[in-house]
Amino acid sequence: MAKEDYSPLEAEESSPKVKSAVRIGKDSKLFKIIRNVGILIVFALAGLTAGVLIGYLAFSGAKTPSCSEPQVAPNNIPKEWGALVSENGKLVPAGDQGVLQMDATRIENNLKMLTVEPHIAGSKTNNDLAKTIAASWRELKLDKVEEIQYSVLLQYPNDTNPNRFQIRLTNHSVVFDAPTAQLEPPVTDDEKKEGVARPFNAYSGVGSAEGPLVYVNYARREDFQNLTDMGVNVSQCICLARYGQIFRGSKALVAQQNGCLGLVIYSDPIDYGPKKGFPAYPNGWSLPETGLQRGTVMLMDGDPLTPLHPSIPDVYRRSLDEALADHSVPSIPVTPLSSSDAIHFLSIMSTGKEAPEDWRGGLNLTYYLGPGFNSENQNSSAYMEVNNYYETKPIVNVVGTIYGSQEPDHPVLLGNHRDAWTFGGADPNSGTATMLEVVRSLSLLRETGWRPGRTMMFCSWDAEEYGLVGSVEFVEDRSKQLLLNAVAYLNVDVAVGGIDHLRVKASPMLIPAFYQATKEVTSPNDPSLTVYEEWQLETGAPGEPDVGGLGSGSDYTGFFQVLGITSGDLSYTSTFNATDFFAGYPVYHSIHDTFQWIKTSLEPHFAHHLALGKVWLRTALNISTTPVLPFGVVEYGEHLLMLVQDLNSTHNQTLGRENITLDFLFTSVESFQASAKMLQDAVDYVKEKDLNMTENLKKWRVLNSKLVGVERSFLVPEGLPGRPFFKHVVYAPGKYNSYSSAAFPGITDSIVEENWRVVREQVTVAALNVRAAANVMTDSLQTAIYDNYSS
Ligand SMILES: [Zn+2]
């Protein structure tokens with residue numbers, strides 16, 4: 001990295017600093033909406049929206065605080081809510097005290113412990129880590145520690161018969177046998193370990209393929225369209241694609257749909273390095289030219305054999321053939337490759353057309369499209385072999401709980417996955433190391449007798465890398481209680497993949513909680529700024545740091561897009577080229593994603609881990625210790641308006657041509673904004689009014705049921721068109737790139753597909769759900785809050 005060394009953050013946490021930051025940028029493009037289109041995920045979760053609001057409405061567990069207790073936090077929050085904690089006879093904010101306990105060296109030691117051995121999902125090493133985490137949480141005396149096991153179908157590379165990618169003559173003699181198709185070589189001693197998964201793409205089709213080679217750029221829909229336009233036929237060919245821009249599973253699906261026999265995906269130096277100024281690891285942070293990216297190509301989330309159901313012993317399993325038939329997993333073989341091997345194939349492809357300028361990568365050669373090799377090699381073809389095998393394996397989620405004193409049945413969940421393709425330095429164990437320190441700090445508060453008002457749950461997910469398997473099975477296992485009661489889900493996958501800026505993706509509902517938390521943590525890059533101020537400088541317009549929409553690619557998906565639980569996702573990232581967008585950092589999913597890579601190439605002092613942990617802890621406490629949830633309904637309304645305006649301006653002409661109007665959606669958003677304002681006024685009224693505790697409890701309960709109900713109101717039981725798993729009408733993963741976020745996906749997907757009947761229907765569905773959310777906010781509000789029985 002071209003960044004200086006950072007000194008560790010001082011242990012003293014500054015109190016909230018509000019400074020006027022230098023402001024940059026013009027009008028903010030608050031949501032980076034990437035209008036890509038989607039994956040076919042062909043299964044449905046049974047209608048879950050009914051009775052969604054029952055949870056809070058029926059809830060009556062809040063204890064009336066003792067009237068003799070005089071200690072109150074700001075805004076008349078009784079001490080029982082846990083916003084304050086006793087320290088040397090004084091009451092101090094629990095967030096301040098919590099972050100004081102946090103220590104960068106402990107996070108570093110956690111990371112070292114977690115990443116000594118490779119720990120792919122289903123392996124003994126990964127299950128041993130589950131036991132270690134569970135044991136440490138028991139030692140910290142969490143109220144409950146569960147090791148929740150599911151039995152799921154995973155796929156592994158074959159050690160005795162590795163995958164291959166070759167140049168072969170017609171008589172089958174091998175001209176070139178790509179070494180990195182079989183093995184990714186270590187470059188440092190710590191990488192020389194038994195159990196490193198050989199190069200593979202999980203849930204690939206198994207078998208061999210032989211044919212002319214064709215270069216398909218990033219293997220996006222538009223790339224294949226361009227090839228067709230240029231007169232290149234990829235059918236019956238082996239496709240060579242570069243990693244980047246979209247989810248690799250989407251590449252596999254599109255390649256298969258276009259008739260490719262097999263797909264090889266390599267890491268081009270223009271996207272992953274090494275290149276000028278960014279030397280290869282161990283001299284710098286870039287991917288060595290022999291490095292490559294593993295990763296899943298499954299197109300559904302969760303165990304492919306148990307869609308909609310948890311993978312517990314008695315549950316029905318469908319056959320793998322059914323999963324293949326509905327494109328949950330690709331049928332063609334797919335495997336990764338390094339650039340040092342890709343160069344051998346690309347350099348002899350000088351037949352056919354030269355690749356368009358923006359298709360050319362960073363290798364020192366002329367990129368040709370093919371199909372086939374040049375005249376000197378016209379008797380050769382490409383041959384690939386994928387020998388991965390399927391195995392049903394136990395996976396383990398570890399879930400630790402600190403029960404809330406006031407609303408024990410309303411959890412705020414914090415989650416991070418544990419399994420890694422190799423060592424998991426950044427992905428995911430930078431997050432795990434940080435979560436362990438968050439839990440330890442809170443357990444120190446617990447020792448003083450402190451409890452949060454709401455329950456906090458800490459989740460170490462398994463088999464995320466395979467397709468969010470552990471978290472989705474958990475969500476399917478506990479869907480009813482989560483749907484009824486869960487308050488929020490806060491995810492961290494890669495805590496630190498870069499050190500340039502904090503990246504927050506979240507439901508707009510969480511904006512106030514994240515803004516508040518980041519205003520109370522010092523930037524690890526510049527001690528004169530808070531994280532909020534730095535965030536504001538780098539990504540936002542005046543006053544409004546940029547919060548991105550949630551797509552998919554990590555464990556919030558089951559919570560947010562399936563159950564409508566307000567969710568957020570945090571990471572420190574870099575601004576390095578395109579990798580910033582889809583993967584975060586160059587050695588992602590390679591053998592080089594290690595403790596040593598982080599320590600020597602990224603951040604020696606773990607200051608960014610620490611800062612992220614503090615933001616995570618403070619955000620979680622903001623939500624779990626505040627009687628009235630700090631949810632941003634007004635912010636949600638503003639975002640809805642921006643999303644609809646954006647939709648309108650992007651597709652204005654097309655919609656006009658088809659006589660389709662978004663008027664109903666616009667008026668629904670207007671009524672959402674009006675209702676949000678009324679609800680916010682009611683929240684402010686209750687907070688300001690010095691009501692007696694009984695009155696407060698009654699009103700808090702009503703406000704919270706509404707605040708939680710808004711996100712749930714966006715769920716459509718039947719799911720999105722062609723994608724019944726995804727039920728959130730406002731946000732979904734992009735249909736042809738699940739990493740990105742699509743706004744009003746039912747509408748945008750069907751516009752791209754030019755299915756105008758569905759567009760009309762989906763405008764109605766979106767508008768009705770936005771209107772429903774508006775009604776949830778105002779229904780009986782006057783009576784409940786202002787005691788106005790005649791309204
Ligand atoms: Zn991850």
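Which residues do ring pairs link into a cluster with Trp421? Select Tyr156, Phe200, Tyr203, Tyr389, Tyr390, Trp421 and Tyr466: ring pairs join them into a cluster. Rings of Phe, Tyr and Trp (its six-membered ring) pair if their centres lie within 6.5 Å; planes under 30 degrees apart count as stacked, over 60 as edge-to-face and the rest as tilted.

**Before going on**

This is a predicted model, in which local features need pLDDT of at least 70, side-chain atom pairs count only at pLDDT 80 or more, and totals for chains, interfaces and linings use all residues. Residues are numbered from 1 along each chain as its sequence is written, and side-chain values use heavy atoms, with hydrogens and water left out.

Colour the model by pLDDT, the predictor's confidence in each residue, from 0 to 100. The mean for the protein is 88, and 87% of its residues reach 70 or more. Select residues 57-73, where pLDDT stays under 50 and the model has 29 contacts (heavy atoms within 4.5 Å) beyond four places in sequence. Then select 577-582, where the pLDDT is also below 50 and the model has 20 contacts beyond near neighbours in sequence. Where pLDDT is low, the predicted coordinates should not be read in detail.

Now show the cartoon. The secondary structure comes to 25 helices and 26 strands; these are DSSP runs numbered from the N terminus, with helices being H or I of at least four residues and strands E of at least two. Of the 791 residues, 63% are buried, where buried means under 20% relative accessible area, exposed over 50% and partly exposed in between (1.4 Å probe, protein chains only). Among contacts with a separation of 6 or more, 80% are between residues 24 or more positions apart.

**Aromatic pairs**

The whole structure holds 30 aromatic pairs. Select Phe200 and Trp421, an edge-to-face pair at 5.5 Å centre to centre with 90° between the planes. Phe200 is in the loop between α5 (179-182) and β8 (201-202) and Trp421 in the loop between β19 (407-417) and α11 (429-447), so the pair ties together parts 221 residues apart in sequence. Phe200 counts as buried because its relative accessibility is 0%; Trp421, at 2%, counts as buried too.

Next, select Trp461 and Tyr489. Their ring centres are 6.5 Å apart and their planes at 50°, so this pair is tilted. Trp461 belongs to strand β20 (residues 454-461) and Tyr489 to strand β21 (residues 488-496), so the pair ties together parts 28 residues apart in sequence. Both Trp461 and Tyr489 are buried.

**Charges over rings**

A charge sits over a ring if NZ of Lys or CZ of Arg is within 6 Å of the ring centre and within 35 degrees of the ring normal. Select Arg168 with Tyr383: the arginine lies over the ring face, 3.5 Å from the centre. Lys519 lies over the face of Tyr532, 4.6 Å from the ring centre.

Select residues 104-114, helix α3, in which Ala104, Ile107, Glu108, Asn110, Leu111 and Leu114 are buried. Looking down the axis of α3, the buried residues fall within an arc of 160° (taken from the directions from the helix axis to the C-beta atoms), so they line one face of the helix. These buried residues pack against α4 (124-139), α11, α18 (595-602) and α19 (607-624). At the N-terminal end of α3, Asp103 is the cap, with a side-chain oxygen 3.2 Å from the backbone nitrogen of Thr105.

Finish in helix α19, at Asn622. Asn622 counts as buried because its relative accessibility is 17%. Beyond its neighbours within four places in sequence, Asn622 is in contact with Ala513, Gln516, Ala517 and Pro630.

Notes
A polar contact is a pair of N or O atoms within 3.5 Å; within protein, one must be able to donate a hydrogen and the other to accept it, and residues adjacent in sequence count only if both atoms are side-chain atoms.
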